[in-house]
Amino acid sequence: MITRDGAYVSLWQEMPVYQTQNKPTFTELYDVIIVGGGITGISVGLLLQKSGLKCLILESHNIGFGTTSGTTAHLNTLLDTPYTTIQKNFGRENARLVATAAREAIHLIRYHIEDYRIDCGFEEAAAYLFSQDEKQSRELEDIAIASEEAGLALSYTSSIPVAIPFEKAIRVEGQAKFHPLKYVYALANQYEAAGGTILQYSRVTNTNEDDEIIDVESEAATFKTKRLIYATHIPPTVNLLHLRCSPWRSYAMAVRLEDDHYPEGLCYDMHDPYHYYRTQIIDGTKYLIAGGEDHKTGHEPNTEKCFRQLESHIRQYFKIREVAYQWSSQYFEPADGLPYIGHLPGHSENVYVATGYGGNGMIYSSVAAIVLRDLIVQKESIFADLFSPSRVKPVAGFANFIEHNADVAKQFIGKWFATETLDEMASLAPGEGKVVKYNGEIIAVSKDSDGTLHAVSPTCTHLKCSVAWNLAEQTWDCPCHGARYDAEGNVLTGPASRNLEVIELRTLSRV
């Protein structure tokens, strides 16, 4: 089974680690190096490799380690950011262009599945958005108008696939669902068959841009490339986009039902945060997938409570036989509602990024693949201006901000603490963690299921924010820009590229 960036196992995760076929060439100048082996990295890699470019994908863990294995895998043109907001921020023409991009993304996924005969549970499905009070109904009417103006095929409906009371509802055609990892694995196979290379377990630690050649330093080796793409969910190091993307966590459950009343469509309520529902069949077994209870990363002191609240919500409307899987996942919400796809601000024209997908990662990953392929191969894209990261303007003093915060001092080198004293002071139950002050030092302490203490510096190595303990996923999460670490301080997800400083613990009997 593959690993992912959390303690819980997702519905998609029970897959073997992807076995690569091609070995990297350490002396070759690659046309494109893609950092990140999730659905974005694999999708854009396949399109570029098929376009005749020599590509290398570098993944710090296994393929699908991050949000690709934590998604609920809705393929929708009815986006999380409603077309009312997109119209307001970008105008009616651009709202239509966003809908066009989303349709092209679903078309690309469908094309891949049909052309490569991918068995990934892909099904066409209608989407339903429903209101439950007068205020929501007024908002729904506005969304319906804006969505139709954007080109979505929708109608009002008197019934929805879930047994949840509602006032009004719209049905939107042309949506779909699938098993994301089976799809990504199949694309990876096609990418390698076309001559592409994937290197797993090789974190990128640094890059150097020199004229037209970029050196990409990884844990395995240093590679050279003409172009670099960050498909890492959020770009590493320090960048303006970190100030324009806020990290959020969402919770999901895959449950089996007593009465076999599994919904056929994709369903969404209009609460804030909203709940979402769909069905997936895996190896002949049906699962209801429900999600919600979103919150900003590192801002919820009891993340286990989010699972309990979600389960309680599901039990209100469905007869649950068992909760088969539960997991949480991270996404990055863009400041203005649209993702950032294109040239990475502050870098050369040969460095690209795709980030800020909000809750629509499965759609925007394919949008990113299309846009980046067109920008690199054809030097233009009809979507380039719409999704351009350059719409993020530099802010006054940002250069000084970077200089001041980019390097985190190692405050704990050579220091140690007594295990017994720290354990008594922290008073942790197995699985708990907290940031404590001891002898004038701030320490992040956690206790694993065996009762062993772990201590690290609480200072995020990205921009010096203080991390917070995620009880559900047993991780240290940064509330500022979304970096996440395991209990021993190892980086799980960026934008941090360095581990938390480990604090040595000793028993008093050995002192």
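A residue counts as buried here when its relative accessible area is under 20%, as exposed when that area is over 50%, and as partly exposed in between. Keep that in mind for the close-ups below, which all come from a predicted model.

**View 1. A disulfide joins Cys-465 to Cys-480.** The two sulfur atoms sit 2.0 Å apart, and this is the 1 disulfide that the structure holds. Its partners come from distant parts of the chain, 15 residues apart: Cys-465 belongs to the loop between β21 (453-456) and β22 (468-470), while Cys-480 belongs to the loop between β23 (475-477) and β24 (484-485). Look along the S-S bond and you'll find an angle of -100°, which makes the link left-handed. How buried or exposed is each end? Cys-465 has a relative accessibility of 14%, so it falls under the 20% limit and counts as buried. Cys-480, at 32%, is partly exposed.

View 2. Cys-460 is buried, with 0% relative accessibility. Cys-120 is buried as well, and its value is 1%.

**View 3. A salt bridge ties Asp-283 to Lys-182.** Their side chains meet at 4.0 Å, N to O. Asp-283 is in the loop between β13 (276-282) and β14 (285-296), and Lys-182 is in helix α5 (residues 180-193), so the pair links parts of the chain that are 101 residues apart in sequence. Asp-283 is exposed, at 72% relative accessibility, whereas Lys-182 is partly exposed, at 25%. In total, the count of salt bridges comes to 19.

**View 4. Asp-215 and Lys-224 form another salt bridge.** Here the closest N and O atoms are 2.7 Å apart. On the lysine side, Lys-224 is partly exposed, with 42% relative accessibility.

**View 5. Arg-308 and Glu-311 pair up within helix α6.** The closest N and O atoms of this salt bridge are 3.4 Å apart. What separates the two residues along the helix? They are 3 residues apart in α6 (residues 303-317), so about one helical turn lies between them. Arg-308 is partly exposed, with a relative accessible area of 39%, but Glu-311 is buried, at 17%. Elsewhere, salt bridges with shared partners join Arg-4, Asp-5, Asp-477 and Arg-484 into one network.

Methods:
Residues are numbered from 1 along each chain as its sequence is written. This is a predicted model: local features need pLDDT of at least 70, side-chain atom pairs count only at pLDDT 80 or more; totals for chains, interfaces and linings use all residues. Side-chain values use heavy atoms; hydrogens and water are left out. A disulfide is a pair of cysteine sulfur atoms within 2.5 Å. Helices (H or I, at least four residues) and strands (E, at least two) are DSSP runs, numbered from the N terminus. Buried means under 20% relative accessible area, exposed over 50%, partly exposed in between (1.4 Å probe, protein chains only).
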